[in-house]
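Mentor: Let us read one model together. Keep the sequence and the structure in view, and ask as you go.

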Amino acid sequence: MIREELWEKNYAAVWQFVQQNHRGPSRHHVEEYRMLNWMKYNRKKLNQKQMDPDRKEKFLKLQELIHSFHRVNQYL
């Protein structure tokens with residue numbers, strides 16, 4: 001499996017996880033470590049400006065989806 005296919009497979013797995021659980025991968029659940037590490041690695045590449053433009057676009061959409069499930073304090 002080439003790297004591009006592996007990246008797409010991991011992207012799809014994280015996207016599906018977020019859709020089902022309405023949250024991002026957590027460090028408090030052992031079964032989610034792999035997805036969390038994938039997210040952290042790609043966030044690092046994004047911040048270092050070393051990510052391909054097509055991957056960057058997809059990854060930003062994924063981060064936006066995760067952020068859409070964040071709760072806002074209703075009393076502020």
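Trainee: Are Trp 7 and Tyr 11 buried or exposed?

Mentor: This is a predicted model, where local features need pLDDT of at least 70 and side-chain atom pairs count only at pLDDT 80 or more, while totals for chains, interfaces and linings use all residues. Residues are numbered from 1 along each chain as its sequence is written, and side-chain values use heavy atoms, with hydrogens and water left out. Buried means under 20% relative accessible area, exposed over 50%, and partly exposed in between, for a 1.4 Å probe and protein chains only. By that rule, both Trp 7 and Tyr 11 are buried.

Trainee: How many aromatic pairs does a search of the whole structure find?

Mentor: Start with the rule: rings of Phe, Tyr and Trp (its six-membered ring) pair if their centres lie within 6.5 Å. Planes under 30 degrees apart count as stacked, over 60 as edge-to-face and the rest as tilted. With that rule, the number of aromatic pairs in the whole structure is 4.

Trainee: What kind of aromatic pair do Trp 7 and Tyr 11 form?

Mentor: Two values describe a ring pair: the distance of the centres and the angle of the planes. For Trp 7 and Tyr 11, the centres are 5.5 Å apart and the planes are at 10°. That makes the pair stacked.

Trainee: Why are Trp 7 and Tyr 11 separated by about one helical turn?

Mentor: Helices (H or I, at least four residues) and strands (E, at least two) are DSSP runs, numbered from the N terminus. An α-helix has 3.6 residues a turn, so residues three or four places apart point the same way. Trp 7 and Tyr 11 are about one turn apart because their spacing in helix α1 (residues 3-21) is 4 residues.

Trainee: How far apart are the end C-alpha atoms of α2?

Mentor: The expected span of a helix is 1.5 Å times one less than its number of residues. The 15 residues of α2 should therefore span 21 Å. The model agrees, with the end C-alpha atoms apart by 21 Å.

Trainee: Against which helices do the buried residues of α2 pack?

Mentor: The buried residues of α2 are Met 35, Leu 36, Trp 38, Met 39, Asn 42 and Leu 46. They lie on the same side of α2 because they cover an arc of only 160° around the axis, taken from the directions from the helix axis to the C-beta atoms. On the other side of α2, Arg 34 and Asn 47 are exposed. The buried residues pack against α1 and α3.

Trainee: Which residues does Asn 42 touch, not counting residues up to four places away in sequence?

Mentor: Asn 42 counts as buried because its relative accessibility is 4%. Contact means heavy atoms within 4.5 Å. Leaving out residues up to four places away in sequence, Asn 42 touches Trp 7, Met 51 and Phe 59.

Trainee: Which residue forms a salt bridge with Glu 8?

Mentor: A salt bridge is a side-chain nitrogen of Lys or Arg within 4 Å of a carboxyl oxygen of Asp or Glu. A search of the whole structure finds 4. For Glu 8, the closest N and O atoms are 2.8 Å apart, and the partner is Lys 58.

Trainee: How many residues apart are Lys 61 and Glu 57?

Mentor: Lys 61 forms a salt bridge with Glu 57, with the closest N and O atoms 3.8 Å apart. Both lie in helix α3, about one turn of the helix from each other. Their spacing in residues is 4.

Trainee: Is Glu 32 buried or exposed?

Mentor: Glu 32 forms a salt bridge with Arg 23, with the closest N and O atoms 2.7 Å apart. Arg 23 is partly exposed because its relative accessible area is 30%. At 4% relative accessibility, Glu 32 counts as buried.
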